[in-house]
Amino acid sequence: MAAFVLATSMPGVPLLYNGQELGVRERVSFFARTPYNWEAPESPALYAFYRRYLNFYRASEALRHGELTVLNPEADDVLVYLRATEADTLLLIVNVRNRPETVALPEGIRGRRWVEVFASDTLAADTLQLGPYNYRIYQPLRP
């Protein structure tokens, strides 16, 4: 899921393989249409993630058209970046490692209050701990 969030939050058009959102485990031909049972996904939790995230993606000007600003370009483990338009700003933090990581938030982010778009958790600290292959998407907390 973190890899999908990272890939789809970069500039460009997201690519979703046939069956990916259902948790299909068998090898799927890229050029052939394979029918799937949409009433019984192999991974209901993964299917729910894709539905929720892609609905958010469609509604987000920042994800679809926002300027990309990487806030920690020297990072090896956790990428911290903004996608922003004049009307919409998102802070994305993605752990690309298979181990928990703690990331220090960049200066421009510290001191501002952010709310996670799916969990409604607030980010008000100077550091953030992320589990293996985990991600967070935040919006500025509006008064």
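Mentor: A helix here is a DSSP run of H or I with at least four residues, and helices are numbered from the N terminus. Thr-8 is found in such a run, helix H1. Keep in mind that this is a predicted model.

Trainee: Why is Thr-8 called buried?
Mentor: Buried means under 20% relative accessible area. Thr-8 has 2% relative accessibility, so it counts as buried.

Trainee: What makes the approach of the Thr-8 side chain to the side chain of Tyr-53 a polar contact?
Mentor: The cut-off for a pair of N or O atoms is 3.5 Å, and one atom must be able to donate a hydrogen and the other to accept it. The two side chains make their polar contact at 2.7 Å, within that limit. The Thr-8 side chain also reaches the backbone oxygen of Val-5, at 3.4 Å.

Trainee: Which residues does Thr-8 touch, leaving aside its neighbours within four places in sequence?
Mentor: Pro-14, Tyr-53 and Tyr-57. Contact means heavy atoms within 4.5 Å. Both Tyr-53 and Tyr-57 are buried residues of helix H2, and the buried residues of H2 pack against H1, helix H3, E3 and E8.

Trainee: How do you know that the length of H2 agrees with its number of residues?
Mentor: At 1.5 Å a residue, its 16 residues should span 22 Å. The end C-alpha atoms are 23 Å apart, which agrees.

Trainee: Where does H2 lie relative to the strands?
Mentor: H2, residues 44-59, lies across E3 and E8, at about 35° to E8.

Trainee: What makes E3 and E8 a pair?
Mentor: Two strands pair if there are at least two bridges between them. E3 and E8 are joined by 4 bridges and run antiparallel. In one of these, Leu-91 has Tyr-138 in E8 as its partner.

Trainee: How many strands form the sheet, and in what order?
Mentor: There are 6, in the order E1-E2-E3-E8-E5-E6, forming an open sheet with antiparallel pairing.

Trainee: Why are E1 and E6 said to stand at the edges?
Mentor: Each has a single partner strand, so one side of each is left without a neighbour in the sheet. For E1 the partner is E2, joined to E1 by 4 bridges.

Trainee: Why is E2 called largely enclosed?
Mentor: In E2, 5 of the 7 residues are buried, so the strand is largely enclosed by the rest of the structure. E2 is also joined to E3 by 7 bridges, and a hairpin links these two strands through 4 residues.

How values were computed:
Residues numbered from 1 in each chain as written. Predicted model: local features only at pLDDT ≥ 70, side-chain atom pairs only at ≥ 80, totals over all residues. Heavy atoms only, no water. Axes fitted to C-alpha atoms, helices over the stretch in contact; angles between N-to-C directions. Expected span 1.5 Å × (residues − 1). Buried < 20%, exposed > 50% of the residue type's maximum accessible area, 1.4 Å probe, protein only.
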